[in-house]
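Please walk me through this protein model in plain terms.

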Amino acid sequence: MSGKTRSLFGTAFKHFVNSLKPRASPGQLVGRDQHGNKYFEIAADPSRGKRYPRRWLVPVSEAKFTEETVALEWNAWLRNRRDQPPTEAEISANIALSKMKKENADKLDEKAGRKADASQKHKHMSDFPVYEEYEVTPGSRDDLK
């Protein structure tokens with residue numbers, strides 16, 4: 001017996017069982033970042049109607065994954081803003097440049113007499129706009145009496 005079935009129930013059961021099996025990723029592993037996220041790509045094939053490559057990432061832990069853990073260079077590659085994936089040297093150079101800019105900004109703040117504390121930078125801002133004609137706490141205005 002060949003193991004093939006022609007009944008509707010047998011075919012449906014076979015497809016159900018196959019849907020539960022884990023599938024291998026059809027894409028090619030392109031690289032990994034410093035957090036351990038894996039980046040995959042299926043190349044573009046204009047003859048089949050795929051003008052753009054399909055790109056995605058598989059995070060190390062989906063429970064702890066946030067957008068901020070993806071480096072800007074990898075984000076640009078995922079969104080097809082760049083053709084080639086970033087190199088480790090490029091990412092480390094950009095991180096070093098970012099750290100240098102933050103240090104220089106802190107030095108300028110100290111020189112101007114301001115504290116280089118992140119909690120002090122936006123102290124005057126509130127979560128929502130405050131208008132004089134509206135009450136923040138209902139019933140607290142004295143002119144309504």
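What follows goes from the overall layout to the sheet, the core, the aromatic pairs and a helix.

This is a predicted model, in which local features need pLDDT of at least 70 and side-chain atom pairs count only at pLDDT 80 or more, while totals for chains, interfaces and linings use all residues. Residues are numbered from 1 along each chain as its sequence is written, and side-chain values use heavy atoms, with hydrogens and water left out.

The protein contains four helices and three strands. Helices (H or I, at least four residues) and strands (E, at least two) are DSSP runs, numbered from the N terminus. Read from that end, the order of elements is α-β-β-β-α-α-α. Of the 145 residues, 17% are buried, where buried means under 20% relative accessible area, exposed over 50%, and partly exposed in between (1.4 Å probe, protein chains only). Contact means heavy atoms within 4.5 Å. Among contacts between residues at least 6 apart in sequence, 26% join residues at least 24 apart.

The three strands make an open antiparallel sheet in the order E1-E2-E3; two strands pair if DSSP finds at least two bridges between them. Strand E1 (28-32) and strand E3 (54-58) are at the edges with a single partner strand each, so one side of each has no neighbour in the sheet. From one strand to the next, the twist averages 25 degrees, an angle between N-to-C directions on a scale from 0 to 180 degrees, with axes fitted to C-alpha atoms (for helices, over the stretch in contact). E1 and E2 pair over four bridges, and glycine 31 is opposite tyrosine 39 in E2. These two strands form a hairpin with five residues between them, and glycine 36 in the turn has a positive phi of about 100 degrees.

A nonpolar core is a set of buried Ala, Val, Leu, Ile, Met, Phe, Trp, Tyr and Cys residues joined through side-chain atoms within 4.5 Å. The largest one has eight residues: Tyr39, Leu57, Val70, Ala71, Trp74, Trp77, Leu78 and Ile91. Helix H2 (residues 72-78) gives the most to this core, with three residues. Beyond its neighbours within four places in sequence, leucine 57 is in contact with Asn37, Lys38, Tyr39, Phe65, Val70 and Leu78.

Rings of Phe, Tyr and Trp (its six-membered ring) pair if their centres lie within 6.5 Å; planes under 30 degrees apart count as stacked, over 60 as edge-to-face and the rest as tilted. The count comes to six aromatic pairs. Tyrosine 39 and tryptophan 77 have ring centres 6.5 Å apart and planes at 85 degrees, so this pair is edge-to-face. Because tyrosine 39 lies in strand E2 and tryptophan 77 in helix H2, the pair ties together parts that are 38 residues apart in sequence. Both tyrosine 39 and tryptophan 77 are buried. Phenylalanine 40 and tryptophan 56, with ring centres 5.8 Å apart and planes at 15 degrees, are stacked. Tyr39, Trp74 and Trp77 form one aromatic cluster.

Helix H3 (residues 88-111) has 24 residues and reaches 35 Å from its first C-alpha to its last, close to the expected 34 Å, which is 1.5 Å times one less than the number of residues. Glycine 113 follows H3 and has a positive phi, near 90 degrees.
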